[in-house]
Amino acid sequence: MKTTFKPSRRSFLKASAVSGGGLVIGFVLPAAGRLAEAATQFKPNAFLRVASNGRVTVVCGLSEMGQGVLTAIPMLVAEELDADWTKVSVEQAPADKAYANPMFGIQATGGSTSVRGHWEPMRKAGAAAREMLVAAAAAAWKAKPEDCRTHKGVVIHKRGRRLSYGRLVARASKLSVPAEPKLKDPRDFTILGHDLKRLDTPPKVNGSAKFGLDVRLRGMLTAVLTRPPVLGGKTLSFDDSKARAIPGVKQVLQTPHGVAVLADGYWAAKKGRDVLEIKWDDGPNVGLSSDVVSRTLTDATTQEGKVARNDGDFAAAKPARTLDVIYEAPYLAHACMEPMNCTAWVKPGSVEIWAGTQAPGPTKAIVANVAGVDPGKVKVHTMYLGGGFGRRFAPDFTIDATILSKMSGQPVKLIYSREDDMRAYYYRPASVTRFTAGLDAGGNPVSFRARVASPSIMAASGSMKIPPSGIDKFALEGIEDLPYDIPNLRVEYSRQEPGVQVWFWRSVGHSQNIFFSESLIDEMAHAAGKDPFEYRRALLGKQPRYKGVLELAAAKAGWGSPLPAGVQRGIAVAQSFGSYVAEVAEVSVDDDGQVKVQRVVAAVDCGMTVNPEIIRRQIESAIVYGLTAALYGRITLKDGKVEQGNFDSYPVLRINEMPKVEVHIVPSVEKPGGIGEPGLPALAPAVTGAIFAATGKRVRSLPIDPDMLKKA
Amino acid sequence: MISLTVNGKNKRLDVDPDTPLLWVLRDTLGITGPKFGCGVQLCGACTVHIDGQPVRSCGTPVSAAAGKHVLTVEALHYTRVGKVVLKAWLENDVPQCGYCQSGQIMSATALLTENRSPSDADIDSAMSGNVCRCGTYNQIRAAIKDASAALGGRR
């Protein structure tokens, strides 16, 4: 997700001032208590505290879903604090305004914004604390602060006197928080830019990490909720007599969203649900099928859409030859390893929520509304997320758990089965794009038009509005910002809503649009009789960062060098979330049309780095996620119902299919870009480009269809 | 009543014998290392050992574990091979979201207990029942190879 909110100095200082005043929930202490505690803890702001034993605790308001944020945020603080990294630990923050993501204005994690949004605020939080600790030491020594330096949790005077941060806690607590602490020159970084181990690895290895699903409360019931199988359907009637007869089943409740069975554990709840007899009113979407979706979107691209970009004059261009091609991508489920779940406890006048959520801030407001309590009376415990990918930005599981706790009067853990999870109607939009690209006699592009037809994520989000232009920015990202030097370029959007709810999915619009646009560039290169790498490079003369990663990936992959028999290369490049990534895929296709990706070489320019190893892992992770989508990903509809339910009908990449992956990072002094998503978009077009090189067949629709690639 | 040993402790449980072992571990005993991912033995997140053999606890009725030894990730460090595998996982910083990892670790430990010098094909075969949506497969392979070396396996 992107928003235009920019972190300002003012908003940061406000947050610091508020939290410095002790108003932050979770840190509120009575005045006397605060004084007493000040002697043992130093808490200059909401983001860190230093204990008298020197231990530094960084409080992180962002959600950990595998991307490493519980390590990256502490690294930002620790760098400027000059902390001893071995004494730094991290703690998950409560839902509170103090932890609003500066790029969203709400406390939420997504859109590859964590490091981009917190690069300065977290460093300032650390730097302010460091200045206070230095001032405290200087006062103790009756010395000048400028004669002191810091190193690994110790203030050192130029004459050699030393005081550890832990011993300065009481004095530093009495000082005021500096408004404009001085930040380090990046050349002096000793933590940022280094491959430090993740702080969350030990609990994730020994089984002690607590995910939402692991929450257990005294008196808690476990619920499963059966929703109408057709989106927009309703419960007509149900017979729960058999369900109630199952030992362990405590309640059967009809909610606005379906029928829930509440039991003393998951198995009894599931058994109860399996024997529920429910009559549904299928509603208006009962005739919906994937064919209808495909036709609706494709037909829309024959008409002019709303114009999002219009360089030169597309209609006036006089190409020697024209490519007119249609690309298509399906709905996709996120299929997080941990199915959606939430534990809610609605008490008189207050609510507690335990959830692996990407959006603790919005959750607080939404749950307050559902439960009918003041938002200040909602406490949100953000648990570890067993995958997020955008799915855990959605509120469905928190809303339904809250409803069920309110109705039952007990703490309720709502668990989605894998099938519930896959059929919950939060999908990456299906999308169709029709390209009309004109080339001159030499094969150079002279005109380009893209007509994009897809549902609107902005409209579905519940928190954004489509602007008056009618353009959903997510539907066009990756096409509207086409970086190639092409005159007479026109991008149009036609919003189509066939009836399926859509949602954010790792890399959002780029996930399909870069496949479309980069594949088209490949087609143009082929039509021009040119090498796909050289063709791109020639058109990226004004785009040094795109060109930089393209050249680095090609060089590291040995573009143009011989490959084993049957293996071919493809290449693609993309910018998303402020980072530039090029990927070269080495692919073989067997006689049955089965595609094997042997190796992927990626180059990434994400500006200054926090933790290069986490960056490499995130790029690799996005490659795997993108490869799963390219090879297998497809949610289809028949008679209004989703046909997929589990990993048999919605396969995901397994270890035996895993390519070798190499990630190369471009050294950079630019501001950091995002990293959770940018590795994904270039993967599919790099793979299908290689398939074209291997078979002469152009894949214009995902997932890749082995039947199409079979040897005749 | 069903009697079994879980992580070295004797348990007598009054549960429906058809209940999958996973839910007895998680809901009855509060052992949450084994995870629920698919419910139909397709993802491996629920992998535990019964008498040393890896099983998908979501599809194994608790009655099948009667009189046997169930081991979950929480007690894996008490086993010789398990200890080595856990160390290799830590050193390779394998997990991302971490949700599948206890299942991955249990499958890897069973593999290395049986065969301390697994080939890539052996690793594929033993580990392809364990899904990771974060895509940590190359790190899993590296950790298994490190553990193999530490156990004196041939490279």
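Domain bounds here come from an automatic or database domain assignment. The model is predicted: local features need pLDDT of at least 70, side-chain atom pairs count only at pLDDT 80 or more, and totals for chains, interfaces and linings use all residues. Residues are numbered from 1 along each chain as its sequence is written, while chains are lettered from A and ligands numbered from 1 in the order in which they are written.

**Exercise 1.** State into which domains chain A is divided, and describe how domain 2 meets domain 3.

Solution.
- Chain A is divided into domain 1 (9-205), domain 2 (220-283 + 336-422) and domain 3 (301-331 + 427-709).
- Between the C-alpha centres of domain 2 and domain 3 of chain A there are 36 Å.
- Contact is defined by C-beta atoms, placed from the backbone, that lie within 7 Å. By this rule, 12 residues of domain 2 of chain A are in contact with 15 residues of domain 3 of chain A.
- On the domain 2 side, helix 12 (residues 418-422) of chain A gives the most, with 3 residues. Helices (H or I, at least four residues) and strands (E, at least two) are DSSP runs, numbered from the N terminus.

**Exercise 2.** Describe helix 10 of chain A and find what its buried residues pack against.

Solution.
- Helix 10 (residues 360-371) of chain A has 12 residues. From first C-alpha to last, helix 10 reaches 16 Å, close to the 16 Å expected at 1.5 Å a residue; the expected span is 1.5 Å times one less than the number of residues.
- A residue is buried if 20 or more other C-beta atoms, placed from the backbone, lie within 10 Å of its own, exposed if 12 or fewer, and partly exposed in between. The buried residues of helix 10 include A:Pro360, A:Thr363, A:Val367 and A:Val370.
- Strand 15 (341-347), strand 16 (350-355), strand 17 (378-382) and helix 11 (396-408) of chain A pack against the buried residues of helix 10.
- After helix 10 of chain A comes A:Gly372, with a positive phi near 75°.

**Exercise 3.** Locate A:Arg506 and decide whether A:Arg506 is buried or exposed.

Solution.
- A:Arg506 sits in the loop between strand 21 (489-495) and helix 15 (510-528) of chain A.
- Because A:Arg506 has 26 C-beta neighbours inside 10 Å, A:Arg506 counts as buried.
- Not counting residues up to four places away in sequence, A:Arg506 touches several residues, among them A:Phe389, A:Ser511, A:Tyr625 and A:Glu677.
- The C-alpha atoms of A:Arg506 and A:Tyr632 are separated by 16 Å, with the two residues 126 apart along the chain.

How values were computed
Two residues are in contact if their C-beta atoms, placed from the backbone, lie within 7 Å.
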